Amino acid sequence: MGKGFFISKAVGIAAIIVGAGALATIIALSVVYSQEKAKNNDNVLPTDGGTTSKPPVTTTAPSNEPWDKYRLPKSLVPDHYNVTLWPRLKQNLTTGLFIFTGQSTVEFVCAEETDLILIHSNKLNYTKRENNHLASLTSLGGVKAPSIKSSWLQQVTQYLVLQLDGKLMKDHRYHLHTDFTGELADDLGGFYRSEYMEDGVKKVVATTQMQPTDARKAFPCFDEPAMKAIFHITLIHDLGTVALSNGEEKESSNVNIEGHDVQKTVFQPTEKMSTYLLAFIVSDFSFINNTIDGVLIRIFARTPAIAAGQGDYALNKTGPILKFFEKYYNSSYPLPKSDQIALPDFNAGAMENWGLITYRETALLYDETFSSNSNKQRIATIIAHELAHMWFGNLVTLRWWNDLWLNEGFASYVEYLGAHEAEPEWNVKDLIVLSDVHRVFAVDALASSHPLSSKEEDIQKPAQISELFDAISYSKGASVLRMLSDFLTEKVFTMGLRTYLAEFAFGNAGYTDLWSHLQMAVDATGTDIPETVSNIMNTWVLQMGFPVVTVNTSTGIISQKHFLLDPDSEVTTPSIYKCVDGLSYFPPLRTINLCILFTIDEMKVSGSDWVLANINVVGYYRVNYDQGNWERLLGVLSTNHVAIPVINRAQLVDDAFNLARAKIISTVLALRTTKYLNKEREYMPWESAVGNLDFFYLMFDRSEVYGPMQDYLRNQVTPLFTHYKSLTDNWKNVPVGHMDQYNQVNAISLACRTGLRECQNLTNQWFNQWMETKLNPIHPNLRSTVYCNAIAAGGAKEWEFAWSQFKNASIAIEADKLRYALACTKQPWLLNRYLEYTLDPNMIRKQDATSTIVYIANNVIGQSLAWDFVRARWSYIFTQYGGGSFSFSNLVNGVTERFSTEYELQQLKQFKEDNAEVGFGSGTLAVDQSIERTIANIKWIAENKQNVLDWFKAEEKP
Ligand code: BES
Ligand code: ZN
């Protein structure tokens, strides 16, 4: 498929006339947007924080002591650690706590003379050593180490602070020894515990999640990504349990410690690596394994899950994906083993610990009788994502968290390449357009968006780091890297990537280092690009937002401007538009005004010819046309939609709806892009339409527009429903294609949602059959939507049945489908009770609390209940569920998504004000985004409601 522009020679015959050049032009000429907003840089005053002695100087003025700064000084550089940890998987009956104990020795080199040691430490209690201090220091090479003068814990900045009575000498090596205890809490961060039931017995797992800043919660360490070191890990654990870490097991022996017969497992030293990639796990899980070219691959999970074969899919796919990345990176897998483990409690989806990747159960375990094709795709892509990090992120690590977008954006791009290798039939690479490009367009079109790149000095506190794990880093990162790879060609892109990895292996780099290597590849291959890689990419990396490119087919003029969902919203720094001219590379350039780009004569079409830009949505921009071209495109959609590539059909719908929201085209024009859907059978355009119509549901499901809208959409979806009914022989078979399977779900969910009787009868009948016979007749692909519809149509009986199925599910993937569907009931009392359950870890696991609240808020009846609940419990939720990185922004955005009235806006502003003290942590940005979205929604409804109502009413009529 070509790229850039697509032009019909005559209706129905499409030809590609402009290749990479046009895309390059658009990349190079894109607008310069506002620079990053000032980040909140509130300085926190020091607290005494110490458990033994207070900081020697206490002043009321803001302190500028090194221990009050969040970043480590550069004076000490770790070389290696010897760490022994002993997690207790049984509760201490006196204290009621689960704990771990540990000893650590870190060898570090003094790079600059200093009499101060700062090492990260959070929530650890130290056993006092010589002279009552929290640590002891020895020196290597004969000279005597200075004595410790005072030692304390600085809680705010999370340091163990040691003041010395003399200087550490440059280039000398020292050992710092500590003995400590920590709580093995159920808080999903650092060294934590996960619990599950097996054969009626409660089991406990000790496991870790270090990224971004919780290694310091497991042992004292220089917890910054550039402080790479070698780790010698030893775990003490109960006899018969399995201990895992990043390295291979070196030796394991039975020992008696403090009167306990235990097992001591020593691991091979790690490669030189960052602390955030460490992992320590003790469990009595089982595993399956194979070996590929000398690399041991193992999948660990609860014993019954392994016995049921739920690890098999992951095991079968890991080898091929690993081999794919070895080829892609031209670098063999750097470790002797690759373990992957499914944990009952896990905050994110998965974590790329080097050699020991941790997952949520739903992201690793597959079972044909329970898992949908979507679950399967998630497993393949998440494995690919984490394996991609083994090189990009782990072997070469970004110097500081401000460049996180490159790490996550890169893995989020190449996960599609890895998954494609595992499942070539799926066409999974196309889906990046829906899951990343369109997803992030929605947030990057807000004035409260932010650039990919942040300044190093703006990212200091753990919450600021956590906030970076957002859709911009992941999905915009993935989108612009895909554009770059496409633009440079995969050959040049991988060439630069390979030399980048080779140069910085076992070290650290910044994103500009990658650009330099890509530039070298461009130069070496003589690739013709209009500007340097760095100049081209700065447009996308240093500025927020993206352009809307307008193609005027009557003049051939192409123009662009910053696309803002709310054109009246204020961008803090005014946009500056940049037009590059005088480059012979470009087609003749007419700088008529600042946002005019250039003219391409071929864009000038007449008669029935049409132009389509941004083929396959490789470019990170939206496209608008003159009215005439829109009309011609609508004409093609209605007469011969297959003349337009399927991804672009999805794009036309998404662009039109969003251009309408931004008041660039009329809402009626956007709605008209859905008229051809009664002939559409492909998943991507339907998914795009459903996603955009969701916005209409959010805005209108409490208003008089709802009825006529339902009638119109029901008419549109009925042919799709009938198509799948016959394709599957009256719902008996499963469609063959992956995308068809997805679209079958769309057909059923939209048909039921719009009240198609036949659909509702079908889902109710399946669910009743399950309740009566206790045998579930519903195909896993359809379960989420069928459960949801049946629970919505039913009452307490259906809900209670689903709840008991949820509690007894033997696989998390089934429990998740039920957890989602339980939020679909229309009974307020059931919803309120369900909300209460979300904060009771015995009912809903902590990892699932916020997503369950968001499910409830998505329900029109649950919306206000969920909002009241979150407002009332904010400080509890914030303190108890604060660790998660994605969850807070999702929670805030989720419970406010439907907001579209002045009253709701006031409530939201009040919420922000009331909780200013408590804070919003990683959800801070989401609060502003929600306010902005609400303001835009209010205006949108005022301006569009009548038109939309009239249009649906008119379309309803046969
Ligand atoms: N490094 C992240 C996991 C993570 C996220 C740790 C946030 C700490 C805070 C991991 O590589 C990741 O991105 N996981 C994704 C999966 C992926 C397929 C997008 C996740 O957990 O959802
Ligand atoms: Zn990642």
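The structure holds five cavities of 30 Å³ or more. A cavity is a set of points, on a 1 Å grid over the protein atoms alone, where a 1.4 Å probe fits but cannot get out. Grid points are joined across faces, edges and corners, and a volume is the space filled by probe spheres set on the points.

This is a predicted model, in which local features need pLDDT of at least 70 and side-chain atom pairs count only at pLDDT 80 or more, while totals for chains, interfaces and linings use all residues. Residues are numbered from 1 along each chain as its sequence is written, chains are lettered from A and ligands numbered from 1 in the order in which they are written, and side-chain values use heavy atoms, with hydrogens and water left out.

**Stop 1: the largest cavity**

Select Leu 565, Asp 566, Pro 567, Arg 661, Lys 663, Phe 695, Ala 936, Asn 937, Lys 939, Trp 940 and Glu 943. These residues line the largest cavity; lining residues have an atom within 4 Å of a point. The volume is about 90 Å³.

Now show helix α27 (residues 924-956), which gives the largest share of this lining, five residues. Helices (H or I, at least four residues) and strands (E, at least two) are DSSP runs, numbered from the N terminus. By type, the lining of the largest cavity divides into five nonpolar, one polar and five charged residues. Here Ala, Val, Leu, Ile, Met, Phe, Trp, Tyr, Cys and Pro count as nonpolar, Asp, Glu, Lys and Arg as charged, and the others, Gly among them, as polar.

Colour by domain next. Domain 1 (4-32 + 546-604) and domain 2 (827-958) both give residues to the lining, so the largest cavity lies between them. The domain bounds come from an automatic or database domain assignment.

Asp 566, Asp 568, Lys 663, Lys 939 and Glu 943 are linked in a network of salt bridges. A salt bridge is a side-chain nitrogen of Lys or Arg within 4 Å of a carboxyl oxygen of Asp or Glu. By this rule the count comes to 47 salt bridges.

**Stop 2: individual salt bridges**

Select Glu 456 and Arg 71. Their side chains meet in a salt bridge at 2.9 Å, N to O. This pair links distant parts of the chain, 385 residues apart: Glu 456 is in the loop between α6 (432-444) and α7 (462-467), Arg 71 in the loop between α1 (20-28) and β3 (76-87). Arg 71 is buried, with a relative accessible area of 18%, whereas Glu 456 counts as partly exposed at 37%. Buried means under 20% relative accessible area, exposed over 50%, partly exposed in between (1.4 Å probe, protein chains only).

Go to helix α16 (residues 706-727). Arg 714 and Asp 711 both lie there, three residues apart, about one turn of the helix. They form a salt bridge, the closest N and O atoms being 2.7 Å apart. Arg 714 is partly exposed at 24%. Asp 711 is partly exposed, with a relative accessible area of 24%.

**Stop 3: the zinc ion**

Centre on ligand 2. This zinc ion is coordinated by His 385 (NE2), His 389 (NE2) and Glu 408 (OE), at 1.9 to 2.1 Å. Donors are N, O and S atoms within 2.8 Å of the metal (3.2 Å for Na, K and Ca); water is not among the atoms, so sites may look incomplete. The donor residues are spaced H-x3-H-x18-E in sequence.

Show helix α4 (residues 373-389). His 385 and His 389 both lie in it, four residues apart, about one turn of the helix. His 385 is buried at 6% relative accessibility, and His 389 is buried at 0%.

**Stop 4: the second largest pocket**

Select Glu 195, Tyr 196, Met 197, Pro 344 and Arg 845. Of the 42 residues that line the second largest pocket, these lie nearest its centre. A pocket is an open set of points with protein on both sides within 12 Å along at least five of seven lines. About 1100 Å³ of space lies in this one. Strand β11 gives the largest share of the lining, six residues. The lining divides into 17 nonpolar, nine polar and 16 charged residues.

**Stop 5: backbone details**

Select Gln 211 and Pro 212. A cis peptide bond joins them, with omega about -5°. Pro 212 is in the loop between β12 (201-209) and β13 (230-238).

Finish at Lys 123, in the loop between β5 (114-120) and β6 (124-126). Its phi is near 60°, a positive value in a residue other than glycine. Lys 123 counts as exposed, at 62% relative accessibility.
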